[in-house]
Amino acid sequence: MSFKAIKEAPPRLNRSELAVPGTSPQFFEKAAKSDVDVIFLDLEDAVAPDKKAEARKNIIQAIGDIDWGKKTLSVRINGLDTPYMYRDVVDLLEQSSDRLDLIMIPKVGTAADAYAVDMLVTQVEDAKGRKKRIGFEYIIETALGMQNIHEIAAASPRGESLHFGVADYAAFTRARTTMIGGPNPDYGVLTGGADDKDRQFHWGDMWHYAIARMVVAARANGLRPIDGPFGDFSDPDGFRAQGNRAATLGCEGKWAIHPSQIVLANEVYTPPEKEVTKAKRILEAMEQAQKEGKGAVTLDGRLIDIASIKQAETLVAKAAQIAAN
Ligand code: GLV
Ligand code: MG
C-alpha cells in the first residue's frame, strides 16, 4: 500500500440516478416514491433558458415540501460558462431546506471550476449557518474535463462522484455516435486477412477508454464512478449490456433518464446473491488460512490470496448496504 491514504466519499448507494427536469414538478413525487437511489433535479440541459428561474423556484420549494424518504437528493446546476450558475447556487443554498445532499456540476473542465463552486457554496453555507455540508458530483463530459479528470477528482473535499456524460462527451470530442451511450456499428475490427473467407466483424466498445479512465480517477480519490445515460429507453437489453460492461470496469451505478431504467440499473448494480455467498466463503477461507499462517489457499479448485479479501469485503459491504436501505 502507498503511504498516502485515500479518503472515501460518504458511503451512499448510487446504483441508479434518475434525472428529473426542474420544469416538471408533476414528476417529483413519483421520483420520490420510486426505487431509485439518487435523484437529480435538473436546472441545466433539460431546462430552456427562459424557464431557468421557474425551474429553480420549483426545485427549491420541492426540496422542502416533498418527502424524499431515504433517497439522496441532488440538483444539477448550470455550467460555469453560463449566466445562471451563480444564482443556482446562491438561491438553492440560501432558500432550500437542508434536505439537499449534493450539487451536480456539469461540464466541469478544470480543478479550478470545482474550486470556484466550492468557494461559492462555502460562503453561502457559512453565511446562512447551514450545518450540512453539500457534496459534489462532477460530470465529465468534455475533452477538457477528461484531460483534467485526475485534478478534478482531487479538487475539493466535497467531491463524491464522477459521472460519464456520454452525450456531451460525444459532441465535444466529435465522436461519431448514433445513439446516446450506445455502441456504434462502425467501431469494431475485422478478423483475419484479405484472403480469409470467414472474416468476422467484431463490435467494440467505443467508450471503453473514457469509462476506464474515469474509474481510475474516481477510485484513486475515493469517489464513486457512475456511468451516464443510455438514450433508448425502449431497449432494456441494450441498457443492461451497457450497464454490465461499465460495472465490470468498476462503476458503481448508472443514470436513468426514464423511470423504466431505474429497475434495470438497480438490478445491474446489485451484487447477485450467488456472488455474495461466494465472497463470504472467500472471507471465511482466508481467515482460516491466516490462522494457519498461509497467504493463499485453494477454494473450489481456484487460488485465492490476500488480494481476494479486499474484493470480497467490498462485495459483502455493498450487499449489507443494500439490505439496510
Ligand atoms: C449528460 O449530461 C450527458 O451529456 O450525457
Ligand atoms: Mg450533458
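Helix 7 (residues 166–173) contributes the most to the shell around ligand 1, with 3 residues. Helices here are DSSP runs of H or I with at least four residues, numbered from the N terminus. The model is predicted: local features need pLDDT of at least 70, side-chain atom pairs count only at pLDDT 80 or more, and totals for chains, interfaces and linings use all residues. Residues are numbered from 1 along each chain as its sequence is written, ligands are numbered from 1 in the order in which they are written, and side-chain values use heavy atoms, without hydrogens and water.

The shell consists of Arg76, Glu141, Gly165, Val166, Ala167, Asp168, Pro229 and Trp255. Each has a heavy atom within 4 Å of the ligand. By class, 4 are nonpolar, 1 is polar and 3 are charged; Gly counts as polar, Pro and Trp as nonpolar, and Asp, Glu, Lys and Arg as charged.

Backbone polar contacts (N or O pairs within 3.5 Å) reach oxygen atoms of ligand 1. The distance is 2.8 Å for Ala167, 2.9 Å for Asp168 and 3.2 Å for Val166. Taken alone, ligand 1 exposes 190 Å², of which the protein buries 93% (Shrake-Rupley method, 1.4 Å probe).

The chain is divided into domain 1 (16–190 + 200–269) and domain 2 (274–324), with bounds from an automatic or database assignment. Their centres, taken over C-alpha atoms, are 33 Å apart.

Conventions:
Polar contact = N/O pair within 3.5 Å; in protein donor to acceptor, adjacent residues only side chain to side chain. Helix = DSSP H or I, 4+ residues; strand = E, 2+ residues; numbered from the N terminus.
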